[in-house]
Amino acid sequence: MKRPQAQVAVLQAADAQEDRRIDEVAEAAGIKPEAATRAAFELEDDGLVVVSEEAVAHYDLTDEGREYVRESLPEQDLYEAALDAGADESPVSMGDVIGAAGLDGGAVDIALSNYARKGYGTIDSGAITADPDADAGRDPEMHALEAVADGRVADADDDALDQLERRGLVDVREETVRSVRLTDDGVTALMEGVEAAETVDQLTPELLTSGEWDDVEFTEYNVEADAEDVPHGKEHILRQTANRVKDTLVGMGFQEMAGPHVDAQFWINDCLFMPQDHPARTHWDQFALSQPDEIKELPEDLVERVRSAHRDGVGPDGEGYHSPWTEEVARGLDLRGHTTSLSMRYLSGHEIGELEPPQRFFSVEKVYRNDTLDPTHLLEFFQIEGWVMAEDLSVRDLMGTFTEFYEQFGITDLEFKPHYNPYTEPSFELFGTHPETGEVVEVGNSGIFRDEVLEPLGVDCDVMAWGLSLERLLMLMYGFEDIRDVHGTLCDLELLRETEVMH
């Protein structure tokens, strides 16, 4: 029997008693792994070998994981310090225990979030207790970390390994390992004798010009054999959804806005009638710039009208905030916390000139907030901003606009909840039901701009406006439970590659 050289090499290197990995077979046969894989599938089609597949996970410690292997987990340190402070007998001050444990920065949050989860004790109202029966020295996650470090992953608990991956202490990569085993027919073929046929894998210009192509034997090409899976780039599902949102709003008669990511607090907050001593305007909620730290130019007449609205209110019955307002604060530069700064630029006429009603504008742009990371919050995300300028607008017009918009994405169970905003009255939040968890998720905020916002801008008709979260719309559409699965440094690349786009 004559066979291509690669097939003969695989037959001779394979075994009838045990599975042998194809990469080992390739090394023994002296051929490339991809050539051995192709030959193995061809031999399998002829019944001479059996090819099996197994998914193998490889675990590697991250920098943070290696640090904990050298020392200990933050929650272990917290537990030991709590025991030393007598928290196994009565509650003690959490601040004192944290200090005694030597924890600072992000390690504090890590320790606190895992302490109760592991049953080390309780944390309540600034006090901490310690369970004397807890055995922090035998922590499964610490054992799993040490097992990964020592190359003993098989000794680690599977649940602990999953938790380490969620905590970012190990990186996991999966590999499909193929193995080959001789069948009875394959053994018979070897016993009867198998010879390597002189075959050619590729038709070359030299074979064509010399005419030798007519005399050589070409290797059979198996079009059904598995090819190597090479990941390739594609448009991110979040970008696809953003483009679909834009198409939907343009189809509803809206025009797109654009503007700076870094802007003056004047445009971000002051024009929105947010007092300068409002808690949301501190560094706890916003990212301020240090170089440069202020904008050079602001429209003087608009600045004066906004200052007057803040100090004295608008109209005969208007009430200002009676709190300090300075142009120095208004000039401060921040990363925008919402894209309503674009709305202020456009409504004031500062961006594209004065606008006459009716008008409809929108943007789908990135915003930045100093939030705590969790499944529904990120430090930066995309906001769907929109507004309609027209005469005699009502809340029902706003609700109808939302209903029409979300129906385009298959979402029909919107809920509306009254809310307070400094810049809109009436105001309400929007909620949708998560398709997987059944949880009600906030998806946006909206309302009709107050006179204190519109009059300084020179707008003498109604304007209804909203800010919606693109990521939360995505969660409702596709059933994602954690924004970080699709956006940011911890996103699940395989999930993004496999998710089908909805149209």
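Here are legends for a few close-up views of this predicted model.

A word before the views: residues are numbered from 1 along each chain as its sequence is written, and side-chain values use heavy atoms, with hydrogens and water left out. As the model is predicted, local features need pLDDT of at least 70 and side-chain atom pairs count only at pLDDT 80 or more, while totals for chains, interfaces and linings use all residues.

View 1. Helix H2 spans residues 22–29, and Ile 22, Val 25 and Ala 26 are buried in it. These three cover an arc of only 100 degrees around the axis, so they sit on the same side of H2. (Helices, H or I with at least four residues, and strands, E with at least two, are DSSP runs numbered from the N terminus; the arc is that of the directions from the helix axis to the C-beta atoms.) Over on the other side of H2, Glu 27 and Ala 28 are exposed. Here buried means under 20% relative accessible area, exposed over 50%, and partly exposed in between, with a 1.4 Å probe and protein chains only. The cover over the buried residues of H2 includes helices H1 (5–13) and H3 (33–45), along with strands E2 (20–21), E3 (49–61) and E7 (170–182); contact means heavy atoms within 4.5 Å. After H2 comes Gly 30, with a positive phi near 75 degrees.

**View 2. Asp 23 in H2.** Asp 23 is part of helix H2. With 36% relative accessibility, Asp 23 counts as partly exposed. Look for Pro 33 too: Asp 23 and Pro 33 are 10 residues apart along the chain, and their C-alpha atoms are separated by 5.4 Å.

**View 3. A stacked pair of rings.** The whole structure holds 13 aromatic pairs. Rings of Phe, Tyr and Trp (its six-membered ring) pair if their centres lie within 6.5 Å; planes under 30 degrees apart count as stacked, over 60 as edge-to-face and the rest as tilted. Phe 361 and Trp 387 have ring centres 5.2 Å apart and planes at 25 degrees, so this pair is stacked. The two come from distant parts of the chain, 26 residues apart: Phe 361 from strand E15 (residues 359–368) and Trp 387 from strand E16 (residues 380–390). Both Phe 361 and Trp 387 are buried.

View 4. Phe 402 and Trp 466 pair edge-to-face, 5.5 Å centre to centre with 75 degrees between the planes. Phe 402 belongs to helix H17 (residues 395–407) and Trp 466 to strand E20 (residues 462–469), so to speak two distant parts of the chain, 64 residues apart. Phe 402 is buried at 1% relative accessibility, and Trp 466 is buried at 5%.

View 5. Of its 41 lining residues, His 338, Arg 369, Gln 383, Tyr 423 and Asn 445 are the closest to its centre. (On a 1 Å grid over the protein atoms alone, a pocket is an open set of points where a 1.4 Å probe fits, with protein on both sides within 12 Å along at least five of seven lines; lining residues have an atom within 4 Å of a point.) Strand E19 gives the largest share of the lining, seven residues.
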